[in-house]
Amino acid sequence: MTIHDRAYLEFREPVRELCARFGGDYWQSVSRENGYPTEFVKALTDSGWLAALIPAEYGGGGLGITEASVILEEVNRAGGNSGACHAQMYIMGTLLRHGSTEQKEKYLPQIASGALRLQSFAVTEPTTGTDTTKIKTVAKKDGDRYIVNGQKVWISRAQHSDLMLLLARTTPLADVTRRSHGLSVFLVDLRGAEKRGLTMRGIRNMVNHETNELFFNDFEIPAENLIGTEGEGFRCILDGMNAERILIAAECIGDGYWFTEKSRKYASERVVFDRPIGQNQGVQFPIARAYANVRAADLMRFEAARLYDAGIPCGEEANLAKLLAADASWEAANACMQTFGGFGFASEYDIERKFRETRLYQVAPISTNMILSYIGEHVLGMPRSF
Ligand SMILES: Cc1cc2nc3c(=O)[nH]c(=O)nc-3n(C[C@H](O)[C@H](O)[C@H](O)COP(=O)(O)OP(=O)(O)OC[C@H]3O[C@@H](n4cnc5c(N)ncnc54)[C@H](O)[C@@H]3O)c2cc1C
């Protein structure tokens with residue numbers, strides 16, 4: 001048990017109890033059917049944990065990023081997958097920080113109660129990838145509405161969400177002085193949207209992650225659904241990045257602890273050549289090393305969260321936490337797979353499922369290279385690459 005395990009027991013214990021109702025069998029069956037863990041997400045919503053970051057005045061938990069990160073860590077540490085619902089925690093911040101009073105009063109209490117699901121955000125496009133300022137989806141103002149045309153890819157949970165944040169270009173790239181200008185964020189009502197010019201196509205993928213291609217064809221959004229100032233949407237999205245990095249780091253740390261605990265137990269019990277395999281240092285040391293790296297990443301997560309909650313700039317720490325945690329969970333996953341030998345490949349042990357799930361964090365929501373680029377250029381001040 002780490003020092004932080006003891007520190008947040010009032011959050012850890014009830015989340016552990018909730019997660020215990022959704023064991024390996026549950027996640028395996030959802031995964032087998034390529035389904036969505038509706039019952040789990042409902043339980044997390046009904047218990048109020050998913051609304052941890054929504055201020056109490058809007059019916060949420062009014063908690064900090066530290067506590068929110070502990071909640072998501074516990075979900076992954078219990079063998080679950082926060083990826084099914086984590087976005088509600090961090091994209092809600094865009095509405096909270098940049099939304100108008102009317103927007104906040106209209107939506108936040110309903111998101112907090114679970115009456116409305118804000119689980120989806122649409123940034124990535126097939127032709128532009130990580131080069132976000134070049135996105136081609138366009139929103140053109142026409143009286144009291146915007147008309148949207150374009151295409152998005154990898155838009156997760158769109159078929160299990162009522163609302164979605166959309167980043168679109170409102171001023172052509174050629175007409176702005178800075179490439180990050182002229183982008184805007186909209187709150188899209190997904191209910192009935194397929195009848196109004198939005199087509200969604202699911203993408204089958206390596207993890208059981210509900211994610212989609214979206215096609216906007218003269219899709220109308222009421223002008224009142226613009227969040228913040230027109231043309232300043234990129235900033236609104238960037239503002240939420242630190243929270244996202246810290247929460248994703250916590251999920252990786254949860255995975256890292258899950259993998260090392262599985263490895264530790266199996267290595268201590270599995271007997272080959274008349275002794276537990278963990279007695280062989282060739283088996284034991286990779287697990288010990290992975291644990292050390294998970295612990296180190298965990299400290300960086302709490303440091304980033306502490307700064308974030310104190311309102312102190314934490315771009316460096318949030319990015320470091322995400323980088324270290326994603327690497328540590330992947331290392332722990334590999335060590336676990338190797339420890340289990342052939343049985344690691346059998347679905348009933350959950351290792352192969354979690355192995356695939358934790359691999360995603362090297363790529364999404366932000367790829368490791370982009371974090372290294374942030375550290376190299378923005379933290380260390382080396383020449384810019386793009
Ligand atoms: C399962 C899943 C769910 C996702 N959910 C969402 C979602 O809900 N909403 C959303 O908007 N997006 C989502 N994404 C998209 C995700 O954020 C992107 O896949 C990710 O940011 C990488 O973008 P890309 O795939 O276009 O890679 P590309 O931009 O095409 O890059 C490919 C590789 O090259 C590297 N690379 C590119 N340029 C450079 C450079 N200059 N220097 C160094 N390396 C470079 C990248 O890091 C990456 O490893 C999801 C992706 C997946 C796989």
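This is a short tour of a predicted model, stop by stop, with something to select at each one.

**Stop 1: the three domains**

Start by colouring the chain in three parts: domain 1 (3–113), domain 2 (118–232) and domain 3 (238–379). Now look at the first two together. The C-alpha centres of domain 1 and domain 2 lie 24 Å apart, and 16 residues of domain 1 are in contact with 15 residues of domain 2.

Which helices of domain 1 supply at least two residues each to the side that touches domain 2? Select helix H3 (24–32), helix H6 (87–98) and helix H7 (101–113) to see them. H6 gives the largest share of that side, with 7 residues. If you colour this side of domain 1 by class, you will find 8 nonpolar residues, 8 polar ones and no charged ones.

**Stop 2: H6 and H7**

Keep H6 and H7 selected. Their axes come within 10 Å and cross at roughly 165°. Angles over 145 degrees count as roughly antiparallel, so that is the word for H6 and H7. The crossing of H6 past H7 is left-handed.

Next, show the side chains where these helices meet. On H6, pick Gln88, Met92, Leu95 and Leu96; on H7, their partners are Gln103, Lys104, Tyr107, Leu108 and Ile111. This contact of H6 with H7 has 6 nonpolar residues, 2 polar and 1 charged.

**Stop 3: from H6 to H9**

Are H6 and H9 roughly parallel or antiparallel to each other? Their axes cross at roughly 170° and come within 9 Å, and H6 and H9 are therefore roughly antiparallel.

To find the meeting place, select Met89, Tyr90 and Gly93 in H6 together with Ala243, Glu244 and Leu247 in H9. By class, the contact of H6 with H9 holds 4 nonpolar residues, 1 polar and 1 charged.

**Stop 4: H9 and H11**

H9 passes H11 in a left-handed crossing. Colour their contact by class and you will see 18 nonpolar, 8 polar and 4 charged residues.

**Stop 5: around the ligand**

Centre the view on the ligand. There are 23 residues around the ligand, and Gly129, Thr130, Trp154, Ser156 and Ser367 come nearest. Strand E1 (118–122), strand E3 (145–156) and helix H13 (368–379) each supply at least two residues of this shell.

Why does the ligand lie between domain 2 and domain 3? Both of these domains give residues to the shell, so the ligand lies between them. The shell has 12 nonpolar residues, 11 polar and no charged ones.

**Stop 6: two backbone details**

Finish with a close look at the backbone. Most residues other than glycine have a negative phi, and most peptide bonds are trans. First zoom in on Asn34, in the loop between H3 and helix H4 (38–46). Asn34 is not a glycine, yet its phi is positive, at about 50°.

Then go to Pro365, in the loop between helix H12 (351–359) and H13. The peptide bond that joins Ala364 and Pro365 is cis, with omega about 0°.

Technical notes: Residues are numbered from 1 along each chain as its sequence is written. This is a predicted model: local features need pLDDT of at least 70, side-chain atom pairs count only at pLDDT 80 or more; totals for chains, interfaces and linings use all residues. A residue is near a molecule or strand if its C-beta atom, placed from the backbone, lies within 6 Å of it. Helices (H or I, at least four residues) and strands (E, at least two) are DSSP runs, numbered from the N terminus. Ala, Val, Leu, Ile, Met, Phe, Trp, Tyr, Cys and Pro count as nonpolar, Asp, Glu, Lys and Arg as charged, and the others, Gly among them, as polar. Domain bounds come from an automatic or database domain assignment. A crossing is left-handed if the near helix is turned anticlockwise from the far one by less than a right angle, and right-handed if clockwise. Two residues are in contact if their C-beta atoms, placed from the backbone, lie within 7 Å. Axes are lines fitted to C-alpha atoms, for helices over the stretch in contact, and angles run from 0 to 180 degrees between N-to-C directions. Angles under 35 degrees count as roughly parallel, over 145 as roughly antiparallel, 65 to 115 as roughly perpendicular and the rest as oblique.
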